[in-house]
Amino acid sequence: MTDQRSQAEIVRQSLKRRYRKERRFRLYGILAIFIALASLFILFADIIGKGHTGFVKTTITLDVPLNSDAMYLDDPTDKDQISMADFSAPIIAALQTHFPEAEGGSARRELARMVGSYAPSEVRRLLEKNPELLNTTQTMEFLAHDTVSVYVKHADNPSYSIRLSERQQGWVDELVEKGVIDTSFNDVLFSRGDSREPGNAGILGAIVGSLLTMLVTLAISFPMGIAAAIYLEEFAPQNRITDFIEVNINNLAAVPSIIFGLLGLAVFIGLFGMPRSVPVVGGLVLALMTLPTIIISSRAAIKSVPPSIREAAEGIGASKMQVVLHHVVPLAMPGMLTGSIIGMAQALGETAPLLLIGMVAFIVDVPDGFFSSATVLPVQIYLWASSSEQGFVELASAGIMVLLAFMISMNALAIWLRKRLERRW
Amino acid sequence: MPTKKDDVYGDHISHKFNDELMELKTEFLKMGGMVEAQVDRAIQALVDNDGHLADEVRAGDKKVDQMEMDIDEEATLIIARRQPTARDLRLVISVIKMVADLERVGDEAKKIAKFAIKLNEEGQAPRGYVEVRHIGNHVLSMLHDALDAFARLDSQQALRIMKEDKRVDEEYQAATRTLLTFMMEDTRNISRCMSVMWVLRALERVGDHACNIAENVIFMVKGEDVRHTPVEEAEKVVGR
Amino acid sequence: MNMNESISRAADNSDETVMSAQEPEAETRREDIKVEEGKTVGVPYADDPKFKLRNVEVFYGEDRAIKDISLDIARNEVISFIGPSGCGKSTFLRCLNRMNDSIDICRVKGQLMLDDEDIYHSKKDVVELRARVGMVFQKPNPFPKSIYDNVAYGPRIHGLANRKSDLDEIVENSLRKAGLWDEVKDRLDATATGMSGGQQQRLCIARAIAVSPEVILMDEPCSALDPIATAKVEELISEMSETYTIVIVTHSMQQAARVSHRTAYFHLGHLVEVNETTKVFTSPEHELTESYITGRFG
């Protein structure tokens, strides 16, 4: 009896210890998750905090008097005259209607720097299109100058330095009050390519570039990866050669992506003479990089198809090919798709190999084909983030948000596809 | 009386099953011993004119009946619980059948005891008891040997018992003829001799039952049913 | 008395002699009972067999899993393979429709004839063989498709039905034969994986008979089923035995006793005994068979 009692005592004591251990272990887990969540939260808060203003543009709406005298322009259809004409004069004049006291050279210069540097060319384009508007007054909306934009958006943010003079600040305040200077959704961001001027810079070029590149990557790596996985898993004999291939595929997955960039540079551009900084080459390089991921995940998906299904089909008399095509591949498809999409998402966020094949160039035009120069989202973000202009900081963050949105929607697509296609057996 | 040969039923994975089979066997042998004693005592009561002993035998039959029911239940439980096969199945089935035989033997002993009381009450000079004693001893030894054959799984011995049965039948015929002569000698003997005839008939039945038991033992050991087959056939089975 | 002698007598299967050969102290241990290779007691051969198997040996690499087995499987008989785990009964069963082919290290030797055709002949098409010799597996393994598609799959890939109506007919007949039609006729489009285990297994049987095979191999078809579902499958087997030759591997000796005409007992790759099922379960000839079916080892 005493023995039993003491044994119970021992058990109880060790139980206490066990429970303590268990609690501690659970605490570590919760802590780890908390840290991860906190980091994520900080990251998002930082990016959104910095980037949300990137989605806002500052505009100045002015009644522009298109006087031929002020512009030294009699006939807008005359090419020579147009090229000589002064299109900033009517803008200054329009601003002067708000601030009649601003006279003189320095005031005029300061007034001119209220609107973006592309404002005069907008006036010019308007007149080129509609010569009959000469000597009328037109209400036009201009992008504000970056310094104005920074002042309007970040007047109370100490991390931005205000580069407006006292007088300009006064004008801006007044114009904001009057509603002449206004902020609205930044449609420029999604409708234009890159620019030297933050207010005029858009991300569309990069988005289209990324899409084209991804299309090439998908078209090459998905069928190739799945075909390779099926062959290796189902048909390849088990011997040294296949073992060797298997080991190397696994190794390739671990090769730094910049190596693939070097390979692309040497082979596609150097050997095959393909043009630099085009989506086709970028897609090819990224496809090479994604292939191992797709092969590995597809093989795992094929392996996870229960052997009983294979046996069932074989038992009825299905040939190897029929077993694979009718049963194994459909059942492995969700896994293959998930792996591929995750691989694609990885490729979407890849910068290093693309830097090497020249997709880092400053490209203003939205690419219109697989062979036109383009850049991609992460490279665009890299370019903006390393730019000195203050306005690019928020744009870079906005770009990151766009990129993240793409990633999240791709992952969501992966999850949706898996849920949709997954069958229980 | 478990012997070394009991391990034939003894090495199942389930020890409980071993115990159950062993229990069945032991109970059956116990009942066999009891029935044997019943017959022995009934003959004793008849021959010695012992009315008291005869009463005891009649009372003892209740116990035999009870045992029959107990063993049957045990056997039923084993079938239900264990689904015995092959050797085990044959053991259980044989025991169920042999228990019925033993019970009948018990009934015969009771019948003999009844006639012993009757003859005792009539109180006349014994006639034909020599035959009773002779046949009685013979069937008793057959019964004993049958049970022994069962205990030792001895099919050879069982075969011998089957052959014995013929001799019992002959002895029975001879005894009947003797009694018939008695009856013809003196008609007053008829009622008495008829009673003795019944006793002889009962003993002959005991021999038949012993023979049945022997046949079941052969089935148990050899897995071959030798009932309703000529002895030569049974010999071949046992010789295999 | 020395051990060898008692062993040889064990092979003679005379209980009497084995027993008297046993000494109380040194009883024959089951592990010591050796089986003479290629020697099967009972009635392994049949007239006009469906399967004629002679000197079959199966190797897994260097490992000899099946050791010189000769057996006939008669037409329209139900034969069950029993034996302790790892005795080779499943391996042997899988030789009959070459399911072992997919295992690289597995080699089969000997003569395996189905209706006088060598099924391991290099020119023999395994697809055709499997259309003739169907298989039902241990775990119900319906395809994750509709009930209809499950049954229709075999006929489709073999091109047995040209029109939809033909296919419908095959599906209905197969489901009827499998005793499943009344239960599923209103939900043929439902996925098969939603059915109960017993229904799934009967669906697998329906799927196997949809290609009208001549032989159906069953590898422990009821081991994953509850008793009621088992009873239904067994009932089905009895009904099917009129039209098909059925070979069934089972761990349940009672099942073998219930459904099969003949029973074959395997032990460590040997075929020890083949006999009428009634004979095996009342008085088996071989010591090992007896020990196994009476629950003395296994």
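Between chain C and chain A, 21 residues of chain C are in contact with 17 residues of chain A, where contact denotes C-beta atoms, placed from the backbone, within 7 Å. On the side of chain C that touches chain A, α4 (126–132), β7 (133–136), α5 (147–158) and α8 (197–209) each supply at least two residues; helices (H or I, at least four residues) and strands (E, at least two) are DSSP runs, numbered from the N terminus. The most is given by α5(C), with four residues. This side of chain C divides into eleven nonpolar, six polar and four charged residues; Ala, Val, Leu, Ile, Met, Phe, Trp, Tyr, Cys and Pro count as nonpolar, Asp, Glu, Lys and Arg as charged, and the others, Gly among them, as polar.

The model is predicted: local features need pLDDT of at least 70 and side-chain atom pairs count only at pLDDT 80 or more, whereas totals for chains, interfaces and linings use all residues. Residues are numbered from 1 along each chain as its sequence is written, and chains are lettered from A and ligands numbered from 1 in the order in which they are written.

Chain A holds an open sheet of three strands in the order β2-β1-β3, with antiparallel pairing; strands pair if DSSP finds at least two bridges between them. Because β2 (137–143) and β3 (181–185) of chain A each have a single partner strand, they stand at the edges, and one side of each is left without a neighbour in the sheet. Five bridges join β1 (residues 56–65) of chain A to β3(A), and Thr58(A) stands opposite Thr183(A) in β3(A).

Chain B, by contrast in topic, concerns helices: it has seven helices and zero strands. Its radius of gyration, taken over C-alpha atoms, is 19 Å, close to the 18 Å that the globule rule gives for 240 residues, so chain B is as compact as a globular protein of that length. That rule is 2.2 Å times the number of residues to the power 0.38. Of the 240 residues of chain B, 46% count as buried, that is, with 20 or more other C-beta atoms within 10 Å of their own C-beta atom, placed from the backbone.

The largest nonpolar core has 219 residues; such a core is a set of buried Ala, Val, Leu, Ile, Met, Phe, Trp, Tyr and Cys residues joined through C-beta atoms within 7 Å. Ala42(B), Ala146(B), Ala214(B) and Val247(C) have the most contacts inside it.

Key
Buried ≥ 20, exposed ≤ 12 C-beta atoms within 10 Å, placed from the backbone. Contact = placed C-beta atoms within 7 Å.
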